[in-house]
Amino acid sequence: MKFIATILSAALLLATTHARASTNFQGAAIYLPINASPGLQQAAADLRDYLQKLTGDTLTVKSVADTTGIPVDVPSFVLGELAIASGLSVPATEYGVDGFAYDVSGKLVRMAGESSAATHFAVADFLERQGVRWFTPGPFGEDVPRRDTLWLPDAPVRQVPSFLARNPGYNGGQPAGNTVTDKKEFDLWCLRNKVGGDVILYSGHAWESVLAASGGRAKLFAEHPDWFGLVNGQRVQNQLNLTHPAVVDLFAKHYREKLAGKPHDVRALLSISPDDGLVRDESPASREFISRNDLTFSQLPDVSDLVLQFCSAVQDKVTAEYPNVRLSVYVYSNHQAGPRKVKLSHNLLPVFAPLNFDRYHAVGDPRSPTRSMLERTVDRVASQGMTFGWYDYSFLCPDSLMPFTRLHMVGSDLPKLYAKGCRYYVIETAKNWPNYLPDYFLMAKLLWNVNTDQRALLDEFYPRYFGAATQPMHAYLDELSAAYQAVPFSAGNKEFVGTVFTSQRLASLRKLMNRAVALAKTDKILAHRVGLFERVLAQGERFMAMREAINRFDFAAAQRLNEEILHSWDEALVYDPLTTSEFLKKAWYNPYYGDHVATVAGWMRDATILHRFPDEWPAYFDFTDTGELEGAMGDETPLFGFMKLKTYSACLAEQGWERYRGPIWYRQTFPPLRVPAGKKAALLIAGADCQTQAWVDGQLVGEQDASNFGPLLFEIPTLDPARAQHTVTLRIVNYTKGGSANELGTGGLLRPVAIIAR
């Protein structure tokens, strides 16, 4: 093997680092300290394996007690503590775990980091400079060129990351089909791309655990009811009095006890985020921190200042004893506006979790009112000179089987957020890699070095990953990105895919994909990679065909397509289990679509459609929630004379009502119907969001909550044969009884409605 200094052409290399003179590494080995950690052993294994793939030669890994056991007359690789003991200086980072360095000293190539993970980063950086790329987990995701010469630095390479925490993680775990192998391969992908590591942003919902450690809610409520929130004039056990000094002391005591025994200068991140759901507290001292201007929930108060003043008060008490410990708090739910009038504790770490904001556009995109609003909330934190965290989402929940890309978001958001003070980044991830490229590869590089040349990186990615199919796959991903950016309203769930995936766009994407498949078919690796994307597009085509069948009330056809989707999902799991997720099928597709289609298909198996209602309904937005008092369910009310609202063909956001939260009333008439003997009439609503009441001819026939936009069936006891026409009236509230929204920009009727006999 010849280690001859040659600077390779690669987008990620730093032009400021030069090459050394050529060196012969005949008989070289990789040296580790005795009892090296598993992480350091994995770094050495990567170095050994990829040097062999690059050059065809084999290195051995050896353990020695100290540097005296390393021969000085044979070129060698020295890792970890041994490299530091031999004089390699490693740059320091805030948490002491991410900085790394490597250099050439005599005949030694020394590599080390502040931790075993950081040493792996050093190995990965060195291999990247030889041309190795890890685009996705698994063998089909890597690209390793053959080299006769290797690049060596003539000056030390020293690096620290731009973002302190860089934490992607798979959702679902083993119960959702993510195996031990999946986790291992994903963890390796992270280390090889210098994300993951040892700085973990703990920001999960924490209040319940704090109370449990102090005896539990029930016990505390019985002993100190004034510690709990006041809602509608009553103290309630599921809320806290966030301006009560004793509650602040309780939380501060909990964190001090967690830190007991640690040095007072310890650096740590601990969560003080509220539990999931809504925060309510109308205690007298709390009211001054409450606004009626919640950003995305029009029916809720905004309690951002209330939550932040409480967390800041706890943080100050913790800081007094542990000045380097930071408490992280979600900016989320109905506390998502950032500080309006509260001065934050300087150690508090706000963590934006923008689940309730548009998920198709970049932060600040003027086409998206809520993403523009989100930038203003970030600026409220940045204006106080704070650093902050970001908890992102890499998939669109229920419509996760559709083709998707966040490329336009990642390339804009990460540099912008960094400039405003973001230093901690977490992203919820599912095993859905055909929807993550190239944005996930770009994300990893920007998290390590926010100044990465994005154009150069992408110019390298497409030909390295898609080879002969580069042109059509580049055009495919560009069109997909442009389609999502072009959505003219705030959006982010399965109800808006019709806006993105018109029949014309699907045809255009299919044409590009067919061309890519043809160009890649002679190369096994390229064919596999393009095949991943083709399978997702085919699923999207089935999904849109199923939606069309649902909208024409053909549930037999919809169920056949549903079964095809599920079967194709299983095939994809066999095709490449490392890049396709069963979690998305179990957690999102089935509960939001598959199960609903099967349910309605079952209802319709022996049923007869007596009357189908049109897409457009006379409707009434009940802003004051007084429709029942005004007699909205009666036959003659004039409330429905002013507006018509589309149902299954366009959601609220598409009709300009993206932020409406509250009751919507619908009214339709239908002619006298003949119910076949032995059957009963029923009102079938194929999908609604979500609390639903139904009246026929002014008589209440039932009320149900539609789970996950699901179907509803109301039996109609009688239909007066003397009536010239009948009326059906619906009242649908687009949030749960607890006040939480089901999704963004949705509400009311989402699927067709019919009178059936069964």
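This is a predicted model: local features need pLDDT of at least 70, side-chain atom pairs count only at pLDDT 80 or more; totals for chains, interfaces and linings use all residues.
Let me start with Asn347, which, once its neighbours within four places in sequence are set aside, is in contact (heavy atoms within 4.5 Å) with Gln315, Thr319, Pro323, Asn324, Val325, Arg326 and Leu327. Residues are numbered from 1 along each chain as its sequence is written, and side-chain values use heavy atoms, with hydrogens and water left out.

Staying with Asn347, we find this residue in the loop between β15 (325–331) and β16 (349–352), where helices (H or I, at least four residues) and strands (E, at least two) are DSSP runs numbered from the N terminus. Asn347 counts as buried because its relative accessibility is 8%; buried means under 20% relative accessible area, exposed over 50%, and partly exposed in between, with a 1.4 Å probe and protein chains only. A polar atom of the Asn347 side chain lies 3.3 Å from the backbone oxygen of Val325.

Now to the chain as a whole. The protein chain holds 18 helices and 30 strands, and its C-alpha trace spans about 105 × 70 × 40 Å along the principal axes. For 758 residues a compact globule would have a radius of gyration near 27 Å, and the 30 Å of the protein chain agrees with that; the radius is taken over C-alpha atoms, and the globule rule is 2.2 Å times the number of residues to the power 0.38. Of the 758 residues, 61% count as buried, and among contacts between residues at least 6 apart in sequence, 75% join residues at least 24 apart. The protein chain has 76 positive and 81 negative side chains, with the centres of the two sets 3 Å apart, where Lys and Arg count as positive and Asp and Glu as negative, His and the chain ends not being counted, and where each charge is placed at NZ of Lys, CZ of Arg, CG of Asp or CD of Glu.

The next residue is His244, in the loop between β13 (234–240) and α7 (245–259). Is His244 buried or exposed? At 19% relative accessibility, His244 counts as buried. Leaving aside neighbours within four places in sequence, His244 is in contact with Asp226 and Trp227, and its side chain reaches the backbone nitrogen of Ala246 at 3.1 Å.

I will finish with the backbone. Most residues other than glycine have a negative phi, and most peptide bonds are trans. Against that background, which peptide bond is cis with omega near 0°? That is the bond from Leu437 to Pro438, and Pro438 is found in the loop between β18 (422–429) and α11 (439–448). The bond from Asp689 to Cys690 is also cis, with omega near -15°, and Cys690 lies in the loop between β24 (688–689) and β25 (691–696).

As for phi, Asn708 has a positive value near 50° and is found in the loop between β26 (699–705) and β27 (712–715). Phe709, in the loop between β26 and β27, has a positive phi of about 65° although it is not a glycine. Asn708 counts as partly exposed at 25% relative accessibility, whereas Phe709 is buried, with a relative accessible area of 1%.

Definitions and conventions: A polar contact is a pair of N or O atoms within 3.5 Å; within protein, one must be able to donate a hydrogen and the other to accept it, and residues adjacent in sequence count only if both atoms are side-chain atoms.
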